[in-house]
Structures are given as structure tokens and as C-alpha cells.
Amino acid sequence: MNRIRVLMTLAGLALAVGLFFALRAPIDAFQGAYSRIMHVHVPTAWLAFLAFGVTAVGSIGWRLRKTRRWDRLAAASAELGVLFTALALITGSLWGGGVWGTYWDWGDARMATTALMFFVYVGYLALRGASPDRETAAARSSILGIVAVVQVPLVYFSVNLFRSLHQGQSIRPDGATMPTEMLVAMLVNVAAFTVIYIALLIVRMSVLKLEEQTAPVPTAAGAAVQPPQLGKALDD
Amino acid sequence: MTEALVAASYLATVGGVGAYAAWLYFRHRSLRN
């Protein structure tokens, strides 16, 4: 079994273990079965933060070393971050629809800042795709990768900075605001989704490396146009 | 309604991660060949 299959199997097993704990966890007395959504919402939101943090690390690494590996790390992690942010927004919206009675509220700081973070990193991926060559893409996107990470603490602490619909942190330094059984299920899922993230990150970096090796280096528009060679014989 | 929303959130998560993982796997395989 090759390395890619091992990583994919590991990710699949982690997902299965996480779902097993999530579906066996006790439900909240107030929220009812909606509390089960938290076991996928919290891990996906955590991975969004982790992925964009790793993108910033990769971006800093590229600016210091200028090696392809750092750029691939930043690009792969940003793509995964966009995926997990989208999942956090979807699952959070579904939970809100059931518990709050509304699927979306732009007046809520956590929702608005998370949506902003999602669109900024979609822009990061678009910037990479729009740049004429790999080094230019790395140079431009590394700046955005470093600057945009300020959104991570902004999103995380938005529930403390602005009192609105979204509840405060459930896991705090002075303890968790949930029973141990629910906390264990949530932490198992956080660990399982982190394993999935690491496995997919390694595979994505490998795919990016293969793409660089197989695809020709993109050139600027018009570079293929040759100037006319005046004075040269037509039948030459 | 409750079951539908919980099921939708799990389907979105498993489907999203599964679709991305499948795309990665086949993309890797096609580039290797």
C-alpha cells in the first residue's frame, strides 16, 4: 500500500471514529439533538483557524527561504482552510436554524467575521491562480497569507468583543460548560478532524509538487508571439 | 425537522471532506500515471 493510500485510510478511520463518538454522545437538555451538530461544527471551525495559521507559517517560511516546499504548504493549507470554513459556516447555520430560529444574521459578529474570513481566503486562492508564474504567485500570496491571519484571533474573540447572538466560548481556562461525556466526544472529534487535516495536507502538497513537475511553467500572455524576422527569405 | 437538520450537517461534513479527499486521490493518481 503506497503512502497516499495509507494517509487516505487514516483520514477515513479518523472520520469514522469521530462520527462514532459524536453519535453516541449524550444530547443537551436545552438544545436536544441539535447539540450533535456541535461535534462537527466545532472541529471544522478549529481546523479553519489551524489551516490559516499554517498558511501564515508557510508564507513566512517562503519569504525567509524562498523554497517551493514552504509555498506548497501555504497553498495546500489555505485550500483546506477554505473547505473547513465553508463546512463550519454550513453546520453553524443549520444549528442556528434549529436552536436560534434563524439560519443567518449579519448582525452577529462571529458569523459576519467568519464569512469575511472565508471570502478573504477565497480571494487568496484566486490571487494564486491569477498570477502569471509560480514565483510571482508565491510572492504576492505570501503577503496576503501573513496579513490575513489577523482574522483568526478576530473571529475567535469576536464573541467576547461583541455581545450578540453567538454564545461565548464553551471551553475556557477555568473549565468547560458541558458534561464530561459531551466534552470527550467533542475533543475526540477535534483530534480526529486534525488527523484528517494533516493527512489531506500531505496529499495536497504531494499533488501540488506533481502538478509543478508535470505542467509547463505558465508564461505571461503574449510571450509565445515571436517578432517578425525582417530580411529573412520566405522559403527559408 | 430536528433530525433533518442534524442529518444535513453530518452529510455536508462527510460529503464535503469525502468529495475533496476523493478528488485529491484521483488527481494524484492521474498525475502519477
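Modeller: A residue is called buried if 20 or more other C-beta atoms lie within 10 Å of its own, exposed if 12 or fewer, and partly exposed in between, with C-beta atoms placed from the backbone. This is a predicted model, in which local features need pLDDT of at least 70 and side-chain atom pairs count only at pLDDT 80 or more, while totals for chains, interfaces and linings use all residues. Residues are numbered from 1 along each chain as its sequence is written, and chains are lettered from A in the order in which they are written.
Biologist: What percentage of chain B is buried?
Modeller: Of the 33 residues in chain B, 24% are buried.
Biologist: How many helices and strands does chain B have?
Modeller: Chain B has one helix and zero strands; helices (H or I, at least four residues) and strands (E, at least two) are DSSP runs, numbered from the N terminus. Its C-alpha atoms fill a box of roughly 45 × 5 × 5 Å along the principal axes.
Biologist: How many residues does each chain give to the contact?
Modeller: Chain A gives 28 residues and chain B gives 20, where contact means C-beta atoms, placed from the backbone, within 7 Å.
Biologist: Which element of chain A gives the most to that side?
Modeller: H7(A) does, with nine residues.
Biologist: Changing topic, where is A:Lys66 found?
Modeller: A:Lys66 lies in the loop between H2 and H3 of chain A. Its phi is near 60°, a positive value in a residue other than glycine.
Biologist: Why does A:Lys66 count as partly exposed?
Modeller: Because A:Lys66 has 13 C-beta neighbours inside 10 Å.

Methods. Two residues are in contact if their C-beta atoms, placed from the backbone, lie within 7 Å.
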